[in-house]
Amino acid sequence: MCLMRLPDGELRLKIEKLASSLQFPLNKLFVVDGSTRSSHSNAYMYGFCKNKRIVLYDTLIQQCKDEEEIVAVIAHELGHWKLNHTMFTFVAVQILSFSQFGGYTLVRNSKDLFQSFGFDTQPVLIGLFLFQHTVMPLQRVVSFALNLVSRAFEFQEENLSAMNTDPWYSAYHYSHPPLVERLAAIDEPDKKTD
Ligand SMILES: [Zn+2]
């Protein structure tokens, strides 16, 4: 996998223009060989504060029919940044990790819980099992909720994905709404104005 500077040209100019119109502190712009990774082409950004980089997969450049399309994909990703989705997800994951530790401590120290499962002592391994079984169902609910949030975020922009799935199946399993739902959401405002 090799990372190289996106060559000067129309595409670079357009991306830089987009970044500055959003006040995105674009510091470096790279292309990476994505063919080794998968056919799922995209772009990502990384970097702290005023030192951000955007990396495009060359497969994205190959698959898009023109520069506008590439810029649209990047605009989508920058939208996540502009609307603080990245920060939200980061903070949410930290909070979740800490509440897991807290939850484990609660389970670990609960004499009653151990006793209700027939243990007079509180072995660490059993504590882990109990934690797993009490937390698993909660975990499902939390990941479902996170999926809903992630999907709501996606609808604040547009993005690429595939297939027409049952809306409930999709809401539970996919963090990103499938294409059909996205198209419906794009049409939604039109219906309201009709
Ligand atoms: Zn997205």
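The buried residues of H1 are Leu11, Ile15 and Ala19. They share one side of H1 because they cover an arc of only 65° around the axis. That arc is taken from the directions from the helix axis to the C-beta atoms. An α-helix has 3.6 residues a turn, so residues three or four places apart point the same way.

H1 spans residues 10-21, 12 residues in total. From first C-alpha to last, H1 reaches 16 Å, close to the 16 Å expected at 1.5 Å a residue. The expected span is 1.5 Å times one less than the number of residues. After H1 comes Gln23, with a positive phi near 55°.

## The model and the chain

This is a predicted model, in which local features need pLDDT of at least 70 and side-chain atom pairs count only at pLDDT 80 or more, while totals for chains, interfaces and linings use all residues. Residues are numbered from 1 along each chain as its sequence is written.

The chain holds 8 helices and 4 strands. Their order from the N terminus is β-α-β-β-β-α-α-α-α-α-α-α. Helices (H or I, at least four residues) and strands (E, at least two) are DSSP runs, numbered from the N terminus. Of the 194 residues, 12% count as buried. Among contacts with a separation of 6 or more, 57% join residues 24 or more positions apart. Two residues are in contact if their C-beta atoms, placed from the backbone, lie within 7 Å.

## What H1 packs against

The buried residues of H1 pack against strand S2 (26-32), strand S4 (52-57) and helix H3 (67-82). The axes of H1 and H3 come within 10 Å and cross at roughly 30°. That makes H1 roughly parallel to H3. The crossing is right-handed.

Axes are lines fitted to C-alpha atoms, for helices over the stretch in contact, and angles run from 0 to 180 degrees between N-to-C directions. Angles under 35 degrees count as roughly parallel, over 145 as roughly antiparallel, 65 to 115 as roughly perpendicular and the rest as oblique. A crossing is right-handed if the near helix is turned clockwise from the far one by less than a right angle, and left-handed if anticlockwise. On the H1 side, the residues that meet H3 include Leu11, Ile15 and Ala19. Their partners in H3 include Ile70, Val71 and Ile74.

## Helices H4 and H6

Helix H4 (residues 85-109) packs with helix H6 (residues 124-155) at an angle of about 165°, their axes 10 Å apart. The two are therefore roughly antiparallel. Their crossing is right-handed. H4 brings His85, Ala92, Leu96 and Tyr104 to the contact, among others. H6 residues there include Leu130, Phe131, Val142 and Phe153.

## Two loop residues with positive phi

Most residues other than glycine have a negative phi. Asn84 has a positive phi of about 65° although it is not a glycine. Asn84 lies in the loop between H3 and H4. Asn84 counts as exposed, with 12 C-beta neighbours inside 10 Å. Asn84 and Phe153 are 69 residues apart in sequence but 9.7 Å apart in space, C-alpha to C-alpha.

Cys49 lies in the loop between strand S3 (43-46) and S4. Its phi is positive, near 40°. Cys49 is exposed, with 6 other C-beta atoms within 10 Å.

How values were computed. Buried ≥ 20, exposed ≤ 12 C-beta atoms within 10 Å, placed from the backbone.
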